[in-house]
Amino acid sequence: MERPHDTPPGLVSLGRGALGVAPMGWGMWRFTGLPIEAAHAIVDAALEAGCTLFDTADIYGLGTEGGFGAAEALFGRVLSERPGLRDRIILASKAGIQPPVPYDSSAAYLIGACEASLKRLGIEQLDLLQVHRPDLLAHPAEVAAAFDMLHRQGKVRAAGVSNYTATQVRALQAHMTLPLASLQPEFSALRTEPLEDGVLDLAMERGLGVLAWSPLAGGRLAGPPADERAARVVAVLDEFAADRAVSRAAIACAWVMAHPSRPVPLIGAQSPAHVRDVARATGVLLSRQEWYRVLEAERGARMP
Ligand SMILES: NC(=O)c1ccc[n+]([C@@H]2O[C@H](COP(=O)([O-])OP(=O)(O)OC[C@H]3O[C@@H](n4cnc5c(N)ncnc54)[C@H](OP(=O)(O)O)[C@@H]3O)[C@@H](O)[C@H]2O)c1
């Protein structure tokens, strides 16, 4: 199969070669309140597991002692203590959620939020800035203008969106000069809507990268099943995990990665052992029949 543009082999292309990332990324939603040694240890685990995309957001930390901006500030400290790390990773952040508003994607807000993120992270440029959630009161032309301005100023290399519907992506793309590089939907064996709501189809149509958030359904796929649907899915994942001698979490991520849009699961684990464990997904290939069996378990019905 043709590889999109000049992305090196083994890397996943976001936005027709705009950025190339390893098949699994690491996310910082839960990266707060850690002593700095523990922060370094988890970053090491993510790097050793082969992750190159590091996904954060300005809001990560809200609800914890550090508050809004805490995850970026902690990662900024890690970067400042590790010369050379910045250049080894693709650093993505998000902006646009502003409690209690709740959303603001006006150009002035997005530009100010990006500048604040750069300051907390102690860097000059983000590789990827994503609108965190669609602001229904922002015209897509205004969001596009903000991305274009930030790109012209060298503050972002590429632009993405998260939690956008397919039609919201199309509306935004129609106004963008800078091509959109990525989408970030919630996608897992317990959250299968992107398969059929047009989001993954649009990604394949337009060559957009897919970053899958909560690939273990926020941990629900790693622990005891909470309901009947989860129990069905977990039973199938456990069968394949026993067969491959890997964890259920690794099989759950392999299932996400098997979709032809090549979703990059954002590992949310903050314990180094869990990161190592789930990263074994990169060595797992599910057969077509196995992949559909997971989907059938989620639906509670055979495919028609
Ligand atoms: N765009 C958005 O709106 C949005 C929303 C949510 C998340 N995200 C992104 O997605 C990333 C991942 O989200 P998530 O944290 O919900 O991801 P997840 O990978 O679905 O869940 C991670 C949770 O599972 C737990 N876990 C239990 N057993 C595990 C095992 N064997 N292997 C791995 N993890 C295990 C982890 O615990 P430990 O921490 O103890 O290891 C952690 O609490 C976030 O960091 C963020 O970058 C984006």
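Which strands does helix H4 (residues 107-121) lie across? Helix H4 lies across strand S5 (90-95), strand S6 (126-131) and strand S7 (156-162), and it runs at about 135 degrees to S6. Here contact means heavy atoms within 4.5 Å, while axes are lines fitted to C-alpha atoms, for helices over the stretch in contact, with angles from 0 to 180 degrees between N-to-C directions. This is a predicted model, in which local features need pLDDT of at least 70 and side-chain atom pairs count only at pLDDT 80 or more, whereas totals for chains, interfaces and linings use all residues. Residues are numbered from 1 along each chain as its sequence is written, and side-chain values use heavy atoms, leaving out hydrogens and water.

**The barrel**

- Eight strands close into a barrel with parallel pairing, in the order S3-S4-S5-S6-S7-S8-S9-S10. On average, neighbouring strands of this sheet are turned by 30 degrees against each other, direction ignored.
- Helices (H or I, at least four residues) and strands (E, at least two) are DSSP runs numbered from the N terminus, and two strands pair if DSSP finds at least two bridges between them.
- Strand S3 (residues 25-27) meets strand S10 (residues 264-267) in the parallel sense, over two bridges. Glycine 25 has leucine 266 of S10 as its bridge partner.
- S6 and S7 run parallel and are joined by five bridges; valine 131 is partnered there with valine 161 in S7.
- S7 is mostly covered, with six of its seven residues buried (under 20% relative accessible area; exposed is over 50%, partly exposed in between, with a 1.4 Å probe and protein chains only).
- Helix H6 (residues 166-173) lies across S7 and strand S8 (180-184), at about 160 degrees to S8.

**The nonpolar cores**

- A nonpolar core is a set of buried Ala, Val, Leu, Ile, Met, Phe, Trp, Tyr and Cys residues joined through side-chain atoms within 4.5 Å.
- The largest one has 98 residues, of which Trp26, Phe31, Phe54, Phe75, Leu91, Leu221 and Trp255 touch the most other members. Helix H9 (residues 248-257) gives the largest share, nine residues.
- This core lies between domain 1 (15-184) and domain 2 (219-298), because both give residues to it; the domain bounds come from an automatic or database domain assignment.
- Apart from this core lies another of 13 residues, including Ile90, Leu211, Val264 and Leu266.
- Not counting residues up to four places away in sequence, leucine 221 touches Ser188, Ala189, Leu190, Pro215, Leu216, Val233, Val234, Leu237, Arg248 and Ala252.

**The aromatic pairs**

- The structure holds seven aromatic pairs. Rings of Phe, Tyr and Trp (its six-membered ring) pair if their centres lie within 6.5 Å; planes under 30 degrees apart count as stacked, over 60 as edge-to-face and the rest as tilted.
- One of them is the edge-to-face pair of tryptophan 26 and phenylalanine 54, at 5.5 Å centre to centre and 70 degrees between the planes. It links strand S3 with strand S4 (residues 53-55), the two residues being 28 residues apart.
- Tryptophan 26 is buried at 0% relative accessible area, and phenylalanine 54 is buried with a value of 0%.
- Phenylalanine 31 and phenylalanine 75 have ring centres 6.3 Å apart and planes at 70 degrees, so this pair is edge-to-face. Phenylalanine 31 sits in the loop between S3 and helix H1 (36-48), and phenylalanine 75 sits in helix H2 (residues 70-81), 44 residues apart.
- Phenylalanine 31 is buried, with a relative accessible area of 0%; phenylalanine 75 counts as buried at 0%.
- Ring pairs link Trp26, Phe31, Phe54 and Phe75 into a cluster.
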